[in-house]
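Me: I am new to this structure and would like a guided look. Please show it to me, and then I shall ask about it piece by piece.

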Amino acid sequence: MESAGRARDRVPRIDPYGFERPEDFDYAAYEEFFSTYLVILTRRAIKWSKLLKGSGRVQRSGTVKRYIRKGVPLEHRARVWMGVSGAQAQMDQNPGYYQRLLQGERRDRLEEAIRTDMNRTFPDNIRFRKSADPCLQKTLYNVLLAYGRHNQGVGYCQGMNFVAGYLILVTKSEEEAFWLLDALVGRILPDYYSPAMLGLKTDQEVLGELVRTKLPAVAALMDGHGVLWTLVVSRWFICLFVDILPVETVLRIWDCLFNEGSKIIFRVALTLIKQHQAFILEASSVADICERFKEITRGSFVTECHTFMQNVWNILENKQ
């Protein structure tokens with residue numbers, strides 16, 4: 001008990017991204033994990049600094065792919081994401097475009113839809129509170145408004161607020177967050193956020209087929225209770241694990257998402273399900289299945305992000 005208290009004193013109540021740690025946060029376990037992870041982060045930061053010497057754009061390569069899978073240090077994340085996703089190239093080719101979008105023609109329905117979600121976006125993050133100075137709600141509103149005007153086929157869809165919010169926290173730049181959102185919604189995850197959400201529905205069906213092939217007992221349980229995959233994993237896909245997995249783990253997943261595309265979402269989902277297969281198979285009702293799918297996104301397995309990502313790349317290595 002005493003060591004937990006000491007850990008609570010040493011680990012800040014607010015994480016580096018501005019999120020308040022929950023009441024039941026395990027400070028002692030986190031401190032134990034982070035002391036090991038800090039060594040890895042330091043080693044990776046030295047390697048990344050050497051790789052990124054000079055001011056050139058980060059290009060995709062075998063080395064960059066290998067480095068990204070092992071994690072991008074926070075101080076380099078925005079530059080790496082912008083480079084490998086193509087967002088930097090788009091921004092460079094369209095100077096002043098973002099500002100012109102902000103001054104564009106008013107669209108009341110779009111503005112109202114975005115405004116409605118502002119207070120629901122990260123109430124546990126001190127930087128998004130109205131009392132914050134600067135308050136990131138205004139930044140978030142601008143990014144979503146500009147994107148809705150840029151891609152009128154999508155406009156605004158719930159879930160985009162969480163994705164854009166994380167992009168703002170990492171880049172600390174409205175314009176970079178906008179271009180990264182464009183890379184995700186427009187190219188990496190086409191039709192996830194369009195009105196019909198066809199890409200999203202297709203990918204959830206693909207996950208169902210992957211589970212049927214690799215984890216047939218889980219598929220049989222879902223079929224037996226008539227549970228559609230969309231019921232248990234739609235938020236994983238729409239929010240790209242934001243507000244589902246711990247922040248640092250989500251960012252490690254996004255490192256790979258920007259470089260390698262949506263296959264990482266399937267790998268993460270399969271890793272979670274495979275790791276907790278026995279626990280899921282104990283479910284005896286639809287409500288029980290849904291609750292167990294929430295439970296498997298918590299605990300040390302997902303908090304220890306470096307080991308988790310090693311599992312993601314290794315656990316299915318021979319079954320791609």
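Me: Is Val312 buried or exposed?
Reply: Val312 is buried, as its relative accessible area is 0%. Buried means under 20% relative accessible area, exposed means over 50%, and partly exposed lies in between, with a 1.4 Å probe and protein chains only. Please note that this is a predicted model: local features need pLDDT of at least 70, side-chain atom pairs count only at pLDDT 80 or more, and totals for chains, interfaces and linings use all residues. Residues are numbered from 1 along each chain as its sequence is written, and side-chain values use heavy atoms, with hydrogens and water left out.

Me: Where does Val312 lie, and which residues is it in contact with?
Reply: Val312 lies in helix 19, which covers residues 305–314. Helices (H or I, at least four residues) and strands (E, at least two) are DSSP runs, numbered from the N terminus. Neighbours within four places in sequence aside, Val312 is in contact with Ile264, Arg267, Val268 and Thr271. Contact means heavy atoms within 4.5 Å.

Me: And how far is Val312 from Gly224 in space?
Reply: The C-alpha atoms of Val312 and Gly224 are 28 Å apart, and 88 residues separate the two in sequence.

Me: Let us step back to the whole chain. How many helices and strands does it have?
Reply: The chain has 19 helices and 0 strands. Its C-alpha trace spans about 55 × 45 × 45 Å along the principal axes.

Me: What radius of gyration does the chain have, and what would a compact globule have?
Reply: The chain has 20 Å, which agrees with the value near 20 Å for a compact globule of 320 residues. The radius of gyration is taken over C-alpha atoms, and the globule rule is 2.2 Å times the number of residues to the power 0.38.

Me: What about burial, surface and contacts?
Reply: Of the 320 residues, 51% count as buried. The accessible surface comes to about 15,400 Å², and carbon and sulfur atoms hold 52% of it. These areas come from the Shrake-Rupley method with a 1.4 Å probe; for residues, only the protein chains shown count as cover. Among contacts with a separation of 6 or more, 71% are between residues 24 or more positions apart.

Me: Now the charges. How many salt bridges are found in the whole structure?
Reply: The search finds 19 salt bridges. A salt bridge is a side-chain nitrogen of Lys or Arg within 4 Å of a carboxyl oxygen of Asp or Glu. One of them joins Glu20 and Arg129, with the closest N and O atoms 2.9 Å apart. Glu20 is in the loop between helix 1 and helix 2 and Arg129 in the loop between helix 7 and helix 8, so this pair ties together parts 109 residues apart in sequence. Glu20 is partly exposed at 26% relative accessibility, and Arg129 is partly exposed at 27%.

Me: Which other pairs can you describe?
Reply: Arg57 and Asp92 meet in a salt bridge of 2.8 Å, N to O. Arg57 lies in the loop between helix 2 and helix 3 (62–69) and Asp92 in helix 5 (residues 87–93), so parts 35 residues apart in sequence are tied together. Glu111 and Arg149 also form a salt bridge, at 3.4 Å between the closest N and O atoms. Glu111 is in helix 7 and Arg149 in helix 8, so that pair ties together parts 38 residues apart in sequence. Both Glu111 and Arg149 are buried.

Me: Which residues are linked with Glu111 and Arg149 in a network of salt bridges?
Reply: The network also includes Arg106, Asp108, Glu112 and Arg115.

Me: What does the side chain of Arg21 reach at 2.7 Å?
Reply: The side chain of Arg21 reaches the backbone oxygen of Pro12. Residues that Arg21 touches, beyond four places away in sequence, include Val11, Tyr27 and Tyr30.

Note on methods. Polar contact = N/O pair within 3.5 Å; in protein donor to acceptor, adjacent residues only side chain to side chain.
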